[in-house]
Amino acid sequence: MNRSFTKKIKYIFTTTVLAVIIISVISSFFIIKNLLLLDFEEKVSSQITMSEESVRLQLSVIEEMAPLIMQNKTLLNALKSDTYQVEVVPLLNSMRGSNSSILGLSVYGSRGIMYTSDKVVFPPTMKYLKECGYFENVNEKHPAQWVMRMDKLQGYYMDYQGGTGLLTYFSEIRDENGEFLGYLVLDTFTNEISQLLTDNDIFKNNDIKILYEDKKGNVLPSDTNNTNTTHFSNSYKPYTIKVENSNMTIKAFVSDKKVMSKIWSAFLIIICCCLVLIILFIIVLKSLIKSFTLSVEKIESDIVEYAQSQNFDEKGDLADD
């Protein structure tokens, strides 16, 4: 049999099978990648929704507790007095102790007298808080608001860690006649809220960054980037959690590195399987080519014998004539 013909057959078989294997590997990779990423994103989105409800519930609990202090007659009478009333502090401490998320409370009276709970050491002045704009959206129509704070907090609390910031509930205090008596300032640590977002299996097993961003573009924790959050966009998928009645949004940046690691592991397994298939294919191909070659050679031999016999018969007939 012609060797060039055999080579062509080998080339056609090899090229076809390799092309099928390569296309199958690439297709499998993208199918597996898309399925795993889609499943991951669906789980993260579902968990973000559940976490968002947890955050809202946590903040609403504090919001509902605040009137217990603001409507307390002891506090209202103290704020109408020109002298410091020591019985107010136990009230503030009792509320702080009733919820582990509450870091501390301060009451700024309209008559210039301030009351603070335990743990509050060097609270800022009312003048400074107003200069920062914390009360700009707190008024008679909107008497309370959550605000993200990050300035002049070092030394404010005994156990405050710089850079983490505070989530503060600012609320007006008015008596039953609507007379303005002062402000309630109730502080929580940002990590109390962050823990609500990350305390689940999905986020425990994946890298997640929780940032708090206000309308002015300030970001907490401040050690990440104090101007913007776009530097996470390349390797982390962003999810936004809106906080009602506040000047901020919570942004959760979730990394898909572990999912991609699983995808690449699956891809390597597919590659190894394909290599095994290619080796088996080469072995089988050689056997098939050999069998095919022998069959073709047999056919060629039969054709030659048949042609020779025909030529011999024709010569015999001519000799007889």
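I began at the pairing of S1 with S5: the two run antiparallel and 7 bridges join them. Strands here are DSSP runs of E, at least two residues; helices are runs of H or I, at least four residues; both are numbered from the N terminus. Two strands count as paired if DSSP finds at least two bridges between them. I noted serine 106 opposite valine 185 in S5.

Ground rules next. The model is predicted, so I noted that local features need pLDDT of at least 70, side-chain atom pairs count only at pLDDT 80 or more, and totals for chains, interfaces and linings use all residues. Numbering starts from 1 along each chain as its sequence is written, and side-chain values use heavy atoms, with hydrogens and water left out.

**Sheet**

I traced the open sheet: 5 strands, order S2-S1-S5-S4-S3, antiparallel pairing. S2 and S3 (144-149) stand at the edges with a single partner strand each, so one side of each has no neighbour in the sheet. The twist averages 20° from one strand to the next. Angles run from 0 to 180 degrees between N-to-C directions, with axes as lines fitted to C-alpha atoms, for helices over the stretch in contact.

Which strands does H3 lie across? I found S1, S2 and S5, with H3 running at about 150° to S1. Helix H5 (residues 190-198) also packs on the sheet; H5 touches S4 and S5, and its direction makes about 55° with that of S5. Contact means heavy atoms within 4.5 Å.

I then looked up leucine 103, in strand S1 (residues 102-109). Is leucine 103 buried or exposed? Leucine 103 is buried, at 8% relative accessible area. Buried means under 20%, exposed over 50%, partly exposed in between (1.4 Å probe, protein chains only). Its C-alpha atom is 6.7 Å from that of phenylalanine 189, 86 residues apart along the chain.

**Salt bridges**

I got a count of 3 salt bridges. The rule: a side-chain nitrogen of Lys or Arg within 4 Å of a carboxyl oxygen of Asp or Glu.

Lysine 80 and aspartate 175 meet at 3.2 Å, N to O. Lysine 80 is in the loop between H2 (73-79) and H3 (88-98), aspartate 175 in the loop between S4 (166-174) and S5 (180-189), so the pair ties together parts 95 residues apart in sequence. Lysine 80 is partly exposed at 32%. Aspartate 175 is buried at 7%.

Aspartate 82 and arginine 111 meet at 3.0 Å, N to O. Aspartate 82 is in the loop between H2 and H3, arginine 111 in the loop between S1 and S2 (114-116), so this pair ties together parts 29 residues apart in sequence. Aspartate 82 is exposed at 60%; arginine 111 is partly exposed at 45%.

Glutamate 172 and arginine 174 meet at 2.8 Å, N to O. Glutamate 172 is buried at 10%, and arginine 174 is partly exposed at 28%.

**Whole chain**

I counted 7 helices and 9 strands in the protein. Of its 321 residues, 40% are buried. Residues 24 or more positions apart account for 63% of the contacts with a separation of 6 or more. The accessible surface is about 18900 Å², 57% of it on carbon and sulfur atoms. Areas come from the Shrake-Rupley method with a 1.4 Å probe; for residues, only the protein chains shown count as cover.

Last, I checked valine 276: it is in helix H7 (residues 257-320) and partly exposed at 47%.
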